[in-house]
Amino acid sequence: MTTTPIMTVTDLHKTYGKPGTKQYEALKGIDFNVQAGEFVGIMGASGSGKTTLLNMLATLDKPTSGEVTIHQQPITHLKGNQLADFRAKEIGFIFQDFNLLETMTAFENIALPLTLQNTPTKQIKPAVEKVAGQLGIAEFLSNYPNELSGGQKQRVAAARALINEPAMLFGDEPTGALDSKSARELMDLFTTINQRQAVSILLVTHDPFSASFCQRILFIKDGQIGQELKRGTASRADFYQQILDNLGTFEQ
Amino acid sequence: MLTKLAVSGLKHRWRDYLVLFSGLIMSSAIFYMFEALATNQAFLKQNTSISMVGFIFQFGSVLLTIITLVYISYANSFLLSMRKRDYGLFMLVGARKRKIGQLIWLETLLVGIIATLVGIIVGTALTAGISQLLINALGLSIHKLAAWYLPAALATLILYVGLFLLAGLFNLIALTKTPALKLLHSNDQPNRPQLKAGRQWAQIIIGLVSISIGYWAMANLGTLQLAGIGLALVTIVLGTYCLFNAIFVWLMVVLKRFAFAHRGLNGFTLSQLSFRIRNYTKMLSIVAMLFALALGAITVGMGFHRETPLMAKSSNAYDMGIVNMTKAEQSKVASLKPTEQTTYHFKTKQKTVFYRASEFNQHPYQTIKLESRNSLDATTQRLKATQLAKSQLRYQLMQLQTPAFQYTTPVFLSDAAYAKLAEPQNRLTIFVTDDVTAHLATFKQLVKSQSDRNPSIKTGVLGGRYSNYVMINGMYSGLEFMGLFLGIAFLAMLASCLMFKILSGANADQHRYQMLAKIGTTAHQQRSAIRKEIAVLFILPGIVGVIHVLFGLKMFSMLMVSSPYTGIWIPFLIFAGLYLIYYLITVNIYKRIVLQ
């Protein structure tokens, strides 16, 4: 590919515990790039370091050494307001437990990133309705999160993550709390968003089914990237089989 | 084993328990403080001649009991929500319901008893400390006040332990009837704010009507007597609650429609408030009542304090009269820098005091006259001998005479007639300073040196502004003390109520603010959202409380000579300052919990 990568990760290390005490190295030098518009999955068993990695990439935690850039901007040293602005403008998050504010309606939850940037009121409503329409939740906008199903909640979360048209969308086990039907619908939705709007997506999961929707999968084990699997032109079902086979050998 | 588990749970949540305990301790300490005054009949009788005060205290006790009831039910639900997960866990690992029931009962009761006992000790210390502070700072004369008063301690203990027994029973039923799984996930039950126009209007109307009845009752206490206080109490509590319920809900829903709700975290703050609306309305009505009681009590206390020197000032044009002043006394008087000093000569024969008219014509005697019965504004007039002999106001001169002649009418003689009297001549020196209250210590010495010479002279009977001041201060000290003491107590109760309520919600907010940080909220935005949310919770009851006080002060026009509204901004300002400090503390603690 000739395009410049949207995210570069260079020699990322993370060590827990202070020097002198018993230390634990969660990440042992991770290198990879994500191209613009790519749909990448990161797989690994519990404790493999995949959530730690995601937290570094998504500015939620700071690496011990190494660098991450998004849109050519180094992000590991961002602080305070710069960090907040970066989160609000450049990246979107979707979490396993939705992380919606149960005190606000779906509409208000989705609109929150815009109001944080003091977007003019006139622009907020059309923007929310547009993204809600794309995600098929237009009719639930006035509901509170506890009045929605898991799948609907996760769509609201996705809408909130997408409303600022971020450069990168991060997902941390987004299907983890969903039933299989909702999970499939959500992954289909991600695929559509990825293809139509060219949003780059990085997904952390241990679920082979969700992972099979990605174009490329990085397998992480004991804090290092062990293997990389590319879907290429294979169908999703075939890719799913490949992943299962790979997992079988990789985890041994 | 289970007990061990329970204790370890306690260790892990010491921070929450700290909030719970400090809240309960404050509450019981204040209840004790109030009861220490209210149940001490000797103190009440000794310090006020107004019989109504006793009844006011009884009503106060009832009100405070109601407030305590609500407070404990909050504290209990806080305790319950804290322990639900743990108890659910115990059930999952197979603990028997009976055993868990015992544990809950024991824990609730233990928390209650420990908090109450500590509260009584704290209350005793507070009573001693605050009363000393007030007495010293204001120069009050207070008798028979005991910081440690057994009946008050018993009343506090019985009420609190009784309420905790009930609370324990409630917890027992609530927890053992709920399935284990539900206990594990019973964190949030959102409240969708509902706007039902009919109900809203009904509440507004009931609220307005009952508050106006209450205000009317307070204004007409003269005719309604005791029933008026009871009526006002019930109607104002009800009205405040209805209005808060109706208007608060409405306000939050309506405010969201404005453009400012779509800027920054304003929308989030409004949602936070409306989410907890039903919890808050009860607490806010109570806080508004406490605010009104505290502010009202302080205003009245300060009103009496302000009124004492004014009454003394308008009681006589002179500070003191001294018969046959000695040299030592003269130098003391000179040190006071009197603005006027006159000496009249007089002779006494049996029950008559004879003055020389010429002296009064040369230095006319200054009289003071109140403009009306309900005012302390006075006009002064200098009267010569013949005018003074005819004037009703001559009693002011009589007050300054030797105690033995205080009730005898002065007679003004011509110099010739005066000279014919064989009795020995005496001197009456009268003087006035710029401010009698500024020199109280010197005046006290003057009284002492006079009574040393003449044992019939004592503070109480010696006329003039100084002795009137001492007398009025003695009369008003009791009321002043009660007002300020209760004001401080109610303020502390208000503080712990509001703080408790707000802090008990802080844990739930922690994850909300963490989430806001993840989607790109700056720390500044978060802090300002916290400040705004808590400010609303402080300001709303404050406004209502101030309105209550403005109407409630009418009650005291019966007890006070001047309008209870004069100089009202001073206590209001002091109160606002305390309230602000208390707001800042709450915000800081909240920030520390939420933005870890």
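Student: How many residues does helix H5 of chain B have, and how far does it reach?
Tutor: Helix H5 (residues 97–138) of chain B has 42 residues and reaches 59 Å from its first C-alpha to its last. That is close to the 62 Å expected at 1.5 Å a residue, where the expected span is 1.5 Å times one less than the number of residues. Helices here are DSSP runs of H or I with at least four residues, strands are runs of E with at least two, and both are numbered from the N terminus.

Student: What kind of model is it, and how are things numbered?
Tutor: This is a predicted model, in which local features need pLDDT of at least 70 and side-chain atom pairs count only at pLDDT 80 or more, while totals for chains, interfaces and linings use all residues. Residues are numbered from 1 along each chain as its sequence is written, and chains are lettered from A and ligands numbered from 1 in the order in which they are written.

Student: Back to H5(B). What comes just after it?
Tutor: B:Gly139, which takes a positive phi of about 65°.

Student: How is chain B divided?
Tutor: Into domain 1 (1–187), domain 2 (244–306 + 471–596) and domain 3 (320–463). The bounds come from an automatic or database domain assignment. The C-alpha centres of domain 1 and domain 3 of chain B lie 59 Å apart.

Student: Now B:Thr240. Buried or exposed?
Tutor: B:Thr240 is buried, because 27 other C-beta atoms lie within 10 Å. Buried means 20 or more such atoms within 10 Å, exposed means 12 or fewer, and partly exposed is in between, with C-beta atoms placed from the backbone. B:Thr240 lies in helix H10 (residues 226–255) of chain B.

Student: What does B:Thr240 touch?
Tutor: Leaving out residues up to four places away in sequence, B:Thr240 touches B:Ser285, B:Ala288, B:Met289 and B:Val544. Contact means C-beta atoms, placed from the backbone, within 7 Å. B:Ala288 is 48 residues from B:Thr240 along the chain, and their C-alpha atoms are separated by 7.8 Å.

Student: Different topic. How many residues does each chain give to the contact between A and B?
Tutor: Chain B gives 21 residues and chain A gives 23 residues. On the side of chain B that touches chain A, H11(B) gives the most, with 5 residues.

Student: And in chain A, how do strands E1 and E4 pair?
Tutor: Strand E1 (residues 5–16) and strand E4 (residues 65–70) of chain A pair in the antiparallel sense over 5 bridges. Pairing requires that DSSP finds at least two bridges between the strands. A:Met7 has A:Ile70 in E4(A) as its bridge partner.

Technical notes
Two residues are in contact if their C-beta atoms, placed from the backbone, lie within 7 Å.
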